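Visitor: Please show me the model, and let us then examine the terms used to describe it.

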Amino acid sequence: MADTITCGGCTATWTAPGAAHCSGCHRSFSGVGLFDAHRSQYGERGACLDPATLTVKHGHRAGEPLMYYRAGMWRGPESTDEQKAALSALRPVDDNEDAA
Ligand SMILES: [Zn+2]
Ligand SMILES: [Zn+2]
């Protein structure tokens, strides 16, 4: 019973429950962590980065591509704990830095 999800702005469809589709650049990601990673905080309303240029900045595999385009969406190379840790490390922490 895989529901097909569609985008109102392009022809993309996907069925993965955890997938995320960007309404800005219309790329699809296998998870919210990858989606977050392609979003830049720079610019008035943020910006979309090219996933192909993103590399792992944390963890033991620093410098390796963060995600690969496979079967219609951007996916992490592996689902190891190490990868998950690297992805969670990429999450913005702005909310915790109000006190200056
Ligand atoms: Zn985007
Ligand atoms: Zn779209």
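**Terms and values**

Visitor: What does Leu66 touch, and what makes these pairs contacts?

Guide: Leaving out residues up to four places away in sequence, Leu66 touches Ala37, Leu54, Thr55 and Val56. Two residues are in contact if their C-beta atoms, placed from the backbone, lie within 7 Å. The model is a predicted one, in which local features need pLDDT of at least 70 and side-chain atom pairs count only at pLDDT 80 or more, while totals for chains, interfaces and linings use all residues. Residues are numbered from 1 along each chain as its sequence is written, and chains are lettered from A and ligands numbered from 1 in the order in which they are written.

Visitor: Why is Ile5 called partly exposed?

Guide: Ile5 has 14 other C-beta atoms within 10 Å, so Ile5 counts as partly exposed.

Visitor: Where do Thr13 and Ile5 lie, and which residues does Thr13 contact?

Guide: Thr13 belongs to strand E2 (residues 13–14), and Ile5 to strand E1 (residues 5–6). Helices (H or I, at least four residues) and strands (E, at least two) are DSSP runs numbered from the N terminus. Neighbours within four places in sequence aside, Thr13 contacts Thr4, Ile5 and Thr6. With the corresponding neighbours set aside, Ile5 contacts Thr13, Trp14 and Thr15.

Visitor: Which residues make up the largest nonpolar core, and what makes a set of residues such a core?

Guide: A nonpolar core is a set of buried Ala, Val, Leu, Ile, Met, Phe, Trp, Tyr and Cys residues joined through C-beta atoms within 7 Å. The largest one has eleven residues: Trp14, Ala19, Phe29, Leu34, Phe35, Ala37, Val56, Leu66, Met67, Met73 and Trp74. Helix H1 (32–38) and strand E8 (73–75) each supply at least two of its residues, and H1 gives the most, with three. In soluble globular proteins, nonpolar side chains tend to be buried together.

Visitor: How many helices and strands does the protein chain have, and what share of its residues counts as buried?

Guide: The protein chain has two helices and eight strands, in the order β-β-β-β-α-β-β-β-β-α from the N terminus. Of its 100 residues, 22% count as buried.

Conventions:
A residue is buried if 20 or more other C-beta atoms lie within 10 Å of its own, exposed if 12 or fewer, and partly exposed in between; C-beta atoms are placed from the backbone.
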